Amino acid sequence: MREVACDESGSDGENLTGGNTDVFAHAGVHVPVADAAGALREIRDRIRSPATEYKATHLLREKHRAVLEWFLAPGGPLHGAARVHLTEKSFFVVDRLAAVLLDDRGAAAELYRTVRDVLGADDGQRFLAVANRLLRTRNGAEPGSSVPLFFTTLDELRRVHAGTDAGPVLERLAAGRGRAEAYRAGLLEGPAVRIPVLNPLLPAIVATAAYWSGPGRRPVRLVHDRQNLLTPERIAWIEETARRSGVALAEVRLVVARDDPRVQLADFLAGIARKAAGDALRGSGDAGLTALLRPYVDPASVWGDGRTAPALGLSVPNSSMRAAR
């Protein structure tokens, strides 16, 4: 049994287009408890902050750059024993929209390029916002309002961008109103325990299990920081989804992060990765930090931005939920 400790960074629930971060990161660390505790002591000795609980922000401060580089570099405490699964939130929304309205995740790449490169910054963000509202379990509005809002916005964008490269994919989306209404009706009439389509945590946990289980299907136990989203019913869904996908996930066990030094190391890695990848997306990336991060990035990360993918060691597009299909 391989035991992997996990934590995340950048969670905004299902609010992927209006939250505080562009990237969600989920890290898994496979090190012995004693080694993880020793690494934490080393970090405290090097940083010497009076804080009772250290976070990734401590390592990301410029004055602690040497500690950050030691943490990620070959020979550091995580080398060869950690992975981080990245989710670019905008691409995740587009990928899920393509699945719901077009029943075609292969169309996500074309739709993403349309939103980013053809609609422009303002119209692209407007499109993502109404798509996010359409797909989220709780849309914070009157029941039934998200479908008309999405298609009214879509019709306006079709008129504005008629005759451009955006036309074909927007026309395909316009034909999906029946699917959108069926999706929203399913949320209202479905089971009390719902699996949120837009929350990246659940598929990221499945992807983490898939990586550590590997092609040899080695049994894996994930030790995860407690999260409100991780109810017993949703953990059962994660375990069953993983098994259906050929992943030997034996158990997801929840712990308090401060009681497990391995989870604290996973928290550091997730926070560092979320910040580095988010900065790269915004064009203000740190090339040195990105290079240190690259060996840890899961190739199955959900990423659509072709400009930043090579620096992170990714190819695009990477469709979400491959491990959970």
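**Exercises on a pocket and a sheet**

The lining of the largest pocket takes at least three residues from each of domain 1 (2-87 + 198-312) and domain 2 (90-193), with bounds from an automatic or database domain assignment. The model is predicted: local features need pLDDT of at least 70, side-chain atom pairs count only at pLDDT 80 or more, and totals for chains, interfaces and linings use all residues. Residues are numbered from 1 along each chain as its sequence is written, and side-chain values use heavy atoms, without hydrogens and water.

**Exercise 1.** Describe the lining of the largest pocket.

*Solution.* Step 1: a pocket is an open set of points on a 1 Å grid over the protein atoms alone, where a 1.4 Å probe fits, with protein on both sides within 12 Å along at least five of seven lines; lining residues have an atom within 4 Å of a point.
Step 2: the largest pocket holds about 360 Å³, the space filled by probe spheres set on the points.
Step 3: 18 residues line the largest pocket, and Asp22, Ser90, Arg116, Gln125 and Leu128 are the closest to its centre.
Step 4: helices H4 (89-102), H5 (108-118) and H6 (120-135) each give two or more residues to this lining, and H6 gives the most, five. Helices are DSSP runs (H or I) of at least four residues, and strands (E) of at least two.

**Exercise 2.** State the strand order of the open sheet.

*Solution.* Step 1: two strands pair if DSSP finds at least two bridges between them.
Step 2: the five strands run S3-S2-S1-S4-S5, with mixed pairing.
Step 3: S3 (82-88) and S5 (249-255) are the edge strands, each pairing on one side only.
Step 4: S1 (residues 2-9) and S4 (residues 220-225) pair in the parallel sense over five bridges, and valine 4 stands opposite leucine 222 in S4.
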